[in-house]
Amino acid sequence: MALQLSHAVSDGIRRTVSRTGGILFLGFLAIQFGLQISANSAVLGFLPPEAAEQFSRNAGLALPVSGSAGVALFVVLLILSSTYFVILSRTFAQPQSEMSQFPATSTRRLGRTTIFALVGGLIVSVSVMLGTVLLVLPGLFLAASFLFFIFAVSVEDRGIISSLKRSWALARGSRLKLGVLVVVTALFGGVIGAISPLLTLADLAVAADIVTVVLTAVFFVPYYAIIASAYLQLRDGRDAPNRSTQSPGDASKIPEL
C-alpha cells in the first residue's frame with residue numbers, strides 16, 4: 001500500500017487535538033523542561049565557582065545542585081522520556097474512535113519495552129548521525145527507514161533487532177515520502193538553532209529555554225501523531241492481505257504483531 005502523506009498529516013492532527021493528545025502534550029512539555037533544567041544544572045555544577053557565577057547569566061533554567069546531581073536527574077528523566085514515548089506510541093496508534101482515552105495496553109510490559117526503546121533509540125540515533133556525517137543522503141535514508149522503530153517496539157512488542165527490521169520493511173517503497181517528514185524535522189531544528197542563540201545573546205537565556213521547550217512540544221507531539229498515522233496505514237495495508245489468505249484454524253501462519 002502506498003503511503004498517503006496528506007491523510008497521515010490530517011489524521012495525525014486530529015489525534016493530537018483529542019483529550020489524550022492534550023495530556024501527552026503536557027507530559028512532553030514537563031519532560032522537556034526537566035531535561036533542559038537538569039542539563040543546565042549539570043554544566044553549572046561541574047564548573048569552578050568563579051566560572052559558574054559568570055556562566056550562570058547564559059545558562060538559562062537551572063537548579064542550585066551539584067554536577068553529579070544534575071547528571072543523575074538528567075539520566076532519570078531520559079529513562080522517563082523513553083517510557084513516555086512508549087505510552088505516546090501506543091496511544092496515538094489506537095483507533096481514532098478511541099482517542100478520548102488511553103488504551104488499556106499503555107502500560108503493558110512497560111519496563112521491558114522502555115529498555116528496548118532506549119537502547120534501540122540510541123542505535124538509531126548513532127546510525128543516523130554517522131550516516132549524516134559521512135554523507136547527508138545516507139543519514140536521511142536511515143532516518144526514514146527507522147521512523148517506525150518506536151511503534152514496532154511499543155505497539156507490536158517486538159525486540160530491538162526485530163523492530164529495526166520491521167520498521168525497515170514498513171518504510172520500503174515509502175522512503176521518499178517519509179523523507180519529507182525527516183527533512184521537516186531538520187528544518188525545525190534549524191529554526192530552533194537560530195532562535196535560541198539570538199535570545200541568549202540578548203541576555204534572555206531563560207526566555208530562550210522556555211521558547212525552545214514550548215516550540216519543541218508544539219512541533220513534536222503532532223509530528224509523532226502523524227508518524228503514528230503513517231505507521232497504521234502501512235501496517236494495516238501490508239498485513240491485511242496476509243491475514244485474508246490464512247486459514248482461521250492455522251495459528252502457525254498468523255503474522256507476528
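Reader: How many aromatic pairs does the structure hold?
Author: The model is a predicted one. Aromatic rings are paired here if their centres lie within 6.5 Å. On that basis, the number of aromatic pairs in the structure is 15.

Reader: Is the pair of F28 and Y84 stacked, edge-to-face or tilted?
Author: A pair of aromatic rings is described by the distance of the centres and the angle of the planes. For F28 and Y84 the centres are 5.8 Å apart and the planes stand at 50°. Stacked pairs have planes under 30 degrees apart and edge-to-face pairs over 60. The angle of 50° therefore makes the pair of F28 and Y84 tilted.

Reader: Which helices does the pair of F28 and Y84 link, and how many residues apart are the two?
Author: F28 belongs to helix α2 (residues 19-46), and Y84 belongs to helix α4. Both F28 and Y84 are buried. The pair links distant parts of the chain, helices α2 and α4, with a separation of 56 residues.

Reader: What is the geometry of the pair formed by F151 and Y231, and which helices hold the two rings?
Author: The rings of F151 and Y231 are 5.3 Å apart from centre to centre, with 20° between the planes, and the pair is stacked. F151 and Y231 are both buried. The pair ties together parts that are 80 residues apart in sequence, because F151 lies in helix α7 and Y231 in helix α10 (residues 205-244).

Reader: Which residues form one aromatic cluster with F28 and Y84?
Author: F28 and Y84, the tilted pair, belong to one aromatic cluster.

Reader: Which residue lies over the face of W168, and at what distance from the ring centre?
Author: A charge is taken to sit over a ring if, among other conditions, CZ of Arg is within 6 Å of the ring centre. The residue over the face of W168 is R175, at 4.7 Å from the ring centre.

Reader: How many salt bridges does a search of the whole structure find?
Author: Side chains of opposite charge can pair when their charged atoms come close. Among the salt bridges is that of D236 and R235, with an N to O distance of 2.9 Å. The search of the whole structure finds seven.

Reader: Are R90 and D157 buried or exposed, and how many residues apart in sequence are the parts they tie together?
Author: R90 and D157 meet in a salt bridge of 3.3 Å, N to O. R90 lies in helix α4 (residues 67-92), whereas D157 lies in the loop between α7 (149-154) and α8 (160-171), so the pair ties together parts 67 residues apart in sequence. Both R90 and D157 are buried.

Reader: Why are D11 and R14 separated by about one helical turn?
Author: The closest N and O atoms of the salt bridge between D11 and R14 are 3.4 Å apart. D11 is buried at 7% relative accessibility, whereas R14 is partly exposed at 41%. The separation is about one helical turn because the two are three residues apart in helix α1 (residues 5-16).

Note on methods:
Residues are numbered from 1 along each chain as its sequence is written. This is a predicted model: local features need pLDDT of at least 70, side-chain atom pairs count only at pLDDT 80 or more; totals for chains, interfaces and linings use all residues. Side-chain values use heavy atoms; hydrogens and water are left out. A salt bridge is a side-chain nitrogen of Lys or Arg within 4 Å of a carboxyl oxygen of Asp or Glu. Helices (H or I, at least four residues) and strands (E, at least two) are DSSP runs, numbered from the N terminus. Buried means under 20% relative accessible area, exposed over 50%, partly exposed in between (1.4 Å probe, protein chains only). Rings of Phe, Tyr and Trp (its six-membered ring) pair if their centres lie within 6.5 Å; planes under 30 degrees apart count as stacked, over 60 as edge-to-face and the rest as tilted. A charge sits over a ring if NZ of Lys or CZ of Arg is within 6 Å of the ring centre and within 35 degrees of the ring normal.
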